[in-house]
Every structure is written in structure tokens, then in C-alpha cells.
Amino acid sequence: KITLKGKDFLTLADFSKEELMYFIELAIELKEKQKRGIPHKLLEGKTLAMIFEKSSTRTRVSFESGMFQLGGHAMFLSKNDLQMGRGETISDTAKVLSRYVDGIMIRTFGHHIVQELADNASVPIINGLTDDYHPCQVLADLVTIYEKKGSFEGKKLAYIGDGNNMAHSLLIGCAIMGIDCTVAVPENYEVKADILQKAQERAKDTGAVIKQVYEPVLAVENADIIYTDVWTSMGWEDEMQDRLKAFAKFQVNEELVKHAKDDYLFFHCLPAHRGEEVTAGIIDGPNSVVFDEAENRLHAQKAILASLM
Ligand code: CP
Ligand code: NVA
């Protein structure tokens, strides 16, 4: 029996394969209900606080609409409007907000901030992106893979680009669900060694092959899914010029995708920069599922909210 009430959602590594499957199936069920207009007000009278220290389109709007569809309420709090922006501690913020709301979603920089919030709050904390992880995005990606491919076993995902929060969460998510995952990164932009190791550890249960290479073609060979993300993530804007040079050979383009399976799917968490990490022909082409993927943020997060709160 799976009970997730009261838990935090900080990284996918905190969950078992069965628990992630539970979220995925619930997301698909809630999606069906929403499409057919069947009410599913599982969070009537509940409130979610949403703290944003970085920009967002998808995360903000999907959480806010998701809470509304579940019969609850979401409140957008930008760091500049909170006393946190003037130095109030994370722990005091956590304790105070816990007296008002039933859950807190936060998008911030260091992963330790989310951890500290969770350590001091008495309500569930949901990670809406940190420098290290983006678990809500990857849960939505897993929903999308499951819908489009029917299963995870034996599937192969190639991630091309920066060893960033997306790469980390994909490694962990794939390892747990049994998807082979190869990340191809330029030198000096590798994934964190401890996160790669953690993913390889988790992959022992599923037999997934988890690795990092320096050559995009090696990752894409025979892939079912090609995934990429921006070359410059939020918070690294100062490095943009250097990154444009370092990532020049890591573009997902017409030449690279020839190495994947014919029915490969193209994924991108968005926002995208056409002409940088991906060509317009690929992201706007027939194999791209980026808007289904973006839509699934809504359904996946409703499953998280309904389970935790
Ligand atoms: N993919 C994603 O998290 O998008 P936003 O930054 O728009 O929330
Ligand atoms: N890696 C990107 C993801 C945005 C959704 C960033 O952190 O900016």
C-alpha cells in the first residue's frame, strides 16, 4: 500500500519505483478526468504557497491552475515581495508559512535551501527547480514517455548538453524506472559525480545502463528519446559567451538525430533557444513532443499535490 501524504517532493531519489509509478498512473487518471470534465476536487479548502526566486512560465502556471482544478488555492510569492528577500531566515519562513498553508512549492538556487525549508516546515515541500534538480519536470517527462512508448523497460534516453539540474534529475528518474540513460556533455560541464554515482547505484535494481560520455553521437546511437536543455541555465548568465563556444558541437540537429531510432521522440523541458541547443527543424518537427511534455507538467503536479497534501 502506497501512502505519500505528508511527504516532501525534493528529488526523485527519495522515492521507490512503485511510488513513482503511483504518481504516473494518478497523473494519467487525473488527466483523463480533466479532459472529460469529471470533477476531481481532491484538495478542497487547501492552499499552496509558491515561492519563486527564479523566473517561470510552466511551473508557475501549471501549479496555479492545478491547485484550482483540485478545488484548492495557490498563491504566488516572489522572493522580492517576501521578508525572505530582506533577510528573514528560511527556517522562520518555513515555520510561519506552515501555520497558514497546506503545502509549499519553491523554485530557488542552492538545493540546500529546499532542504532547509523542508527540515523546518510541518507541511510538504515541493521542489519546483533548484540548481541541482528539477524533479517535477522529470516526473512529467516520465508520464510522457509512458504515454507515448507504453513502457520504460528497454528504452534508451540520450541527454545532450549541460550537466545541469535536468541532466541530474533525468539520470535519477531513468535509473529508478529502468530506462538506459546516457548524458553527453562537453568537458568541464559534466554532471555532479555524486549524483551520477547515486543514479548508477539505483540502476542496479532495474538493470538500466547509466553513463556519461563526451560525444553526442555515442549517446544518440539507437536512442528512443533525445533530450536537450538550454546551454545557460538560470543563474549562469555571466558564462553565456563561454558556453556558446563550449556547447557548439552539442546541438541537436538533423545530422545528429540520424543516429537515433527512426521513431525517436524529441524532448525539451522548455524554454528553448532555436538555433542553439536545437534546430527549429527538430523542435518543431514531427518527432518532437515538447508541448505534450509541457502539458503533462499540469497532470503530473496535480498527482504530486493530491498525494502529498
Ligand atoms: N520547464 C520549466 O520548468 O519551465 P519554466 O521555467 O517556465 O517553469
Ligand atoms: N536548466 C534550466 C531549466 C529551466 C526549466 C534552468 O535551470 O534554467
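## Basis of the description

Two strands pair if DSSP finds at least two bridges between them. Strands (E, at least two residues) and helices (H or I, at least four) are DSSP runs, numbered from the N terminus. This is a predicted model, in which local features need pLDDT of at least 70 and side-chain atom pairs count only at pLDDT 80 or more, while totals for chains, interfaces and linings use all residues. Residues are numbered from 1 along each chain as its sequence is written, and chains are lettered from A and ligands numbered from 1 in the order in which they are written.

## The four-stranded sheet

Four strands make an open sheet in the order E2-E1-E3-E4, with parallel pairing. At the edges are strand E2 (73–78) and strand E4 (125–127), each of which pairs on one side only. From one strand to the next the twist averages 20°.

Strand E3 (residues 103–107) pairs with E4 in the parallel sense over three bridges. Ile 106 has Asn 127 in E4 as its bridge partner.

## The five-stranded sheet

Another open sheet has five strands in the order E7-E6-E5-E8-E9, and the pairing is parallel. Its edge strands are E7 (210–213) and E9 (265–268), each pairing on one side only. Here the twist averages 20° from one strand to the next.

Five bridges join strand E5 (residues 156–160) and strand E6 (residues 180–184) in the parallel sense. Lys 156 stands opposite Asp 180 in E6. Helix H6 (residues 165–177) lies across E5, E6, E7 and strand E8 (225–228), and runs at about 160° to E6. Axes are lines fitted to C-alpha atoms, for helices over the stretch in contact, and angles run from 0 to 180 degrees between N-to-C directions.

## Helices H5 and H12

The axes of helix H5 (residues 135–149) and helix H12 (residues 290–308) come within 8 Å and cross at roughly 110°. The two helices are therefore roughly perpendicular to each other (angles of 65 to 115 degrees count as such).

Residues are in contact if their C-beta atoms, placed from the backbone, lie within 7 Å. By class, the contact of H5 with H12 has six nonpolar, five polar and four charged residues. Ala, Val, Leu, Ile, Met, Phe, Trp, Tyr, Cys and Pro count as nonpolar, Asp, Glu, Lys and Arg as charged, and the others, Gly among them, as polar.

## Around ligand 2

The residues around ligand 2 include Leu 129, Asn 164, Asp 229 and Cys 269; a residue is near a molecule if its C-beta atom, placed from the backbone, lies within 6 Å of it. This shell divides into five nonpolar, three polar and one charged residue.

Note on methods: Angles under 35 degrees count as roughly parallel, over 145 as roughly antiparallel, 65 to 115 as roughly perpendicular and the rest as oblique. Two residues are in contact if their C-beta atoms, placed from the backbone, lie within 7 Å.
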